[in-house]
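Please read the following note beside the sequence and the model. It goes from the whole chain to one residue.

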Amino acid sequence: MKRRWQLALRLLPLAGLIALLSGCGVKGVSTLDPMGDVAKEQAWLMIFSLLIMVVVVLVVGFIFFYVLIRYRNRKGQEDYIPKQVEGNTVLEVIWTVIPILLLCILAFPTVKQTFALSDVSVPKADKNKVVQVEVTAHQYWWQFKYPDKKVETAQDLVVPVGKTVIFKITSADVTHSFWAPALGGKVDANPGQTTTLKLKADHEGVYRGRCAELCGASHALMYFNVKAVSQADFNQWIKDMKKGPAAPTTASAKEGQELFKQNCMTCHAVGKDGGPVAPNLTDFADRKMIGGTMDHTKENLVKWITNPSAEKPGVTMPARGQSGKLTDDQIQKIADYLFTLTVK
Ligand code: CUA
């Protein structure tokens, strides 16, 4: 008995650590802290099914302990065998029917919501009431296009609060999965296929999104942000994105722009100019992270341009620093230019 208590005491710090760590995490990434209609419906379903399971565990646990105590082997009851009930029709029917009923209770709202949430058709008259976004997942970044607004961005998605956003999702390479937990939904991004999803944000804020399907070495670093802003701010953002960022003013940023044109625009675009294979950088300076992983500082941007795969293994962007043709000074200038790319 004493040894058992000693073991329990030894496990106490571990239990404490688990309790402590369960409080960690970034705000806006939990399905149990829903920030929009779709997420709320899904959270309700999860809690509802959890409640059913808790009731089942309590009932089964109660019966288990009741039988354990009531029919325990008492003193003077050597070789006591309780009454055997195998093949009892009434009992068999009861424990077959109850799970079927529970599954039906769970299935009804689940199937109903699955169909409701997968319906992304929009009547023509309601075209202005929704925002359409085309998502393309890449190893390891996210491309966001607003087809009816002719605007493209990457990594940081901007959506208006209170409006349904309809996503058409695909992949440029392998299978990824688009997931913004606090806003609900999670859907695979498959090459050569388009999947759909609809979401809505109720409150302004920045919600973390991520890839939820193992897609390669930097799968765990494939983050994005959803910035939910007011309708007025969204309209302004679209206008500003179309206009593009102002021209750089400092000598260093101007030189950086020239270097960027010569070295980076085969892949990257700013506004409509440049290549389509890497993130569009029109509003780069307004974003929250460098490469989806690092804090948004110039120092980190220089590190990224110098050798991106040191930060995000497996990226297709080549190292441009050290022996990669650009000098440290040139990279500093390009970073200066990129930090002028704001549409605020
Ligand atoms: Cu993309 Cu995991």
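Predicted model: local features only at pLDDT ≥ 70, side-chain atom pairs only at ≥ 80, totals over all residues.

1. Residues are numbered from 1 along each chain as its sequence is written, and side-chain values use heavy atoms, with hydrogens and water left out.

2. The protein chain has eight helices and 14 strands, these being DSSP runs numbered from the N terminus (helices H or I, at least four residues; strands E, at least two). Its radius of gyration is 28 Å, well over the 20 Å that the globule rule gives for 344 residues, so the chain is more spread out than a compact globule; the radius is taken over C-alpha atoms, and the rule is 2.2 Å times the number of residues to the power 0.38. Along the principal axes, the C-alpha atoms fill a box of roughly 100 × 60 × 35 Å.

3. Of the 344 residues in the protein chain, 36% are buried, that is, under 20% relative accessible area with a 1.4 Å probe, protein chains only.

4. Thr195 lies in strand E8, which covers residues 195-199, and is buried, with a relative accessible area of 16%. Leaving aside residues up to four places away in sequence, Thr195 touches Phe167, Lys168, Ile169, Val187, Asp188 and Asn190, where contact means heavy atoms within 4.5 Å. With Asp188 there is also a reach from the side chain of Thr195 to the backbone oxygen, at 2.7 Å.

Notes
Buried < 20%, exposed > 50% of the residue type's maximum accessible area, 1.4 Å probe, protein only. Polar contact = N/O pair within 3.5 Å; in protein donor to acceptor, adjacent residues only side chain to side chain.
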